[in-house]
Amino acid sequence: MEAGTSRVKRGMAEMQKGGVIMDVMNAEQAKIAEAAGATAVMALERVPSDIRAAGGVARMADPTIVEEVMKVVSIPVMAKARIGHYVEAKVLESLGVDYIDESEVLTPADEVFHIDKQEFTIPFVCGAKDLGEALRRIGEGASMLRTKGEPGTGNIVEAVRHMRLINGQIRRVKNLSKDELYAEAKNLGVSYEILLDIHEKGKLPVVNFAAGGVATPADAALMMHLGADGVFVGSGIFKSDNPEKFARAIVEATTHYDDYRLIAEVSKDLGAPMKGIDIKQLHPSERMQDRGW
Amino acid sequence: MAENTLKIGVLALQGAVAEHIRSLEQAGAEGVIVKRAQQLDEIDGLVIPGGESTTIGKLMRQYGFIDRIQAFSEAGKPIFGTCAGLIVLAKRIEGQEEPHLGLMDMTVTRNAFGRQRESFETDLPIKGIDEPVRAVFIRAPLIREIGADVEVLSVYNEEMVTAREGHLLVSSFHPELTDDYRLHEYFADMVRQSKTGEPKG
């Protein structure tokens with residue numbers, strides 16, 4: 001019997017495919033998310049848009065919130081640790097969360113090194129905005145990826161950019177000749193072996209979700225259309241007027257992302273989605289996607 | 001050729017669909033992604049994949065799959081449930097008032113091993129398959145009680161993890177996560193028999 005193998009850790013993410021993972025800040029929201037059909041919840045102290053508004057240093061959530069959420073739902077519970085914050089990740093592991101998000105939404109604890117995720121029994125999900133980042137995270141032991149997008153903005157444009165870039169780069173790597181792969185590995189800042197695997201299989205070895213700016217059912221469906229395996233929704237749900245209805249609508253639009261009549265139906269009378277921010281209005285220092293390397 | 005091809009659907013509301021399709025095709029069947037209840041008319045057998053059983057169950061209700069899959073089963077067409085699929089097929093789910101499909105005579109416990117850190121893989125002997133199968137258990141359920149017509153095909157630590165009741169097959173682990181296609185071949189044989197009445201093609 002072997003626990004924490006890469007098959008067990010990556011497999012857990014495979015079971016999330018086609019699903020929606022929702023940010024929740026308390027037990028009550030977690031129950032709403034589960035009832036709406038979320039495949040997992042992310043237990044947080046504040047959603048990204050509040051973190052953005054509050055400023056200051058954003059850290060791992062109070063363990064009380066994480067435990068409260070774990071108590072009330074039967075679906076997997078994820079929680080965020082700061083980039084490079086080994087101890088926050090170990091604390092979350094000790095609480096028994098099912099997945100750790102080493103997340104740029106929180107203020108990085110280390111500007112050079114990410115957590116060595118190989119040694120953990122609990123799997124990790126990490127953000128990426130291009131193939132180099134994605135493969136570096138996998139090299140460190142991430143079992144699941146997500147686009148970084150631009151969290152807490154309610155603006156899908158960055159998630160679209162990252163998903164398109166990663167998929168475009170995979171197609172390019174697939175078409176390189178073997179001798180060109182060495183230089184490409186150097187360009188991307190990744191090992192030759194991991195790039196060779198992409199070249200041969202033409203796809204990432206782990207599940208890749210969309211995250212960072214999903215604000216409507218149509219946004220979720222767009223990301224699925226672009227090849228996402230599933231969707232994280234952060235501020236979108238519990239910042240909307242009718243979270244319950246909104247959550248259900250996102251779940252349906254993700255399952256049936258190519259059924260436009262259905263997306264039209266579920267998009268009716270949802271009330272106002274979160275207001276959203278134009279990315280160009282963000283000061284460079286406010287861009288969460290530039291955290292991590 | 002086309003006449004003899006086994007068409008086996010994979011319920012594609014949420015979960016590890018692509019892996020089952022690949023495994024079914026390796027087992028010699030044609031895999032069909034099933035997103036609409038009407039598609040059940042076109043297939044000879046159905047796989048209900050791993051995923052989150054609450055999500056899959058909810059979407060099955062919403063899109064009219066419950067009655068249609070029950071009728072599919074009534075017609076004797078084989079169904080294979082893995083992990084969440086096992087939960088969805090059970091007549092009784094511990095701690096939950098209503099079952100989903102309520103087809104197989106067993107009581108199951110969800111997340112029976114605990115949380116993700118208790119997930120594991122192991123070599124598992126299965127009745128009807130020669131050598132042990134590499135079995136990946138992820139937040140896996142267990143079968144606690146079975147009716148008289150249910151045959152246990154494998155146990156792990158004295159707990160029931162694979163079982164069959166006539167045309168229904170369930171496993172609490174994920175055969176679709178490995179390159180070992182023997183359990184899918186076993187199921188494909190069940191489908192072939194139900195379609196042609198003959199044991200092996």
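I am working on a predicted model, where local features need pLDDT of at least 70 and side-chain atom pairs count only at pLDDT 80 or more, while totals for chains, interfaces and linings use all residues; side-chain values use heavy atoms, with hydrogens and water left out. Residues are numbered from 1 along each chain as its sequence is written, and chains are lettered from A and ligands numbered from 1 in the order in which they are written.

**Entry 1: E88(A).** I looked up where E88(A) sits, and it is in helix α5 (residues 86-95) of chain A; helices are DSSP runs (H or I, at least four residues), strands likewise (E, at least two), numbered from the N terminus. A polar atom of the E88(A) side chain is 3.2 Å from the backbone nitrogen of M60(A). I list E88(A) as buried because its relative accessible area is 6% (buried is under 20%, exposed over 50%, partly exposed in between, with a 1.4 Å probe and protein chains only). Leaving out residues up to four places away in sequence, E88(A) touches R59(A), M60(A), A81(A) and R82(A), a contact being heavy atoms within 4.5 Å.

Entry 2: Which residue does the "active site" annotation cover? The unreviewed UniProt entry puts it on K80(A); such annotations may be inferred rather than shown by experiment. K80(A) belongs to strand β4 (residues 77-82) of chain A, and its 7% relative accessibility makes it buried. I found its side chain in a polar contact with the side chain of D101(A), at 2.8 Å. Beyond four places in sequence, K80(A) touches several residues, including M42(A), M60(A) and L106(A).

**Entry 3: cysteines.** How many disulfides are there over all chains? I get zero for the whole structure, the cut-off being cysteine sulfur atoms within 2.5 Å. I also checked C126(A), buried at 1% relative accessibility, and C83(B), buried at 6%.

**Entry 4: chain B.** I counted five helices and twelve strands in chain B. Of its 201 residues, 61% are buried. Its C-alpha trace spans about 45 × 40 × 30 Å along the principal axes.

Notes:
A polar contact is a pair of N or O atoms within 3.5 Å; within protein, one must be able to donate a hydrogen and the other to accept it, and residues adjacent in sequence count only if both atoms are side-chain atoms.
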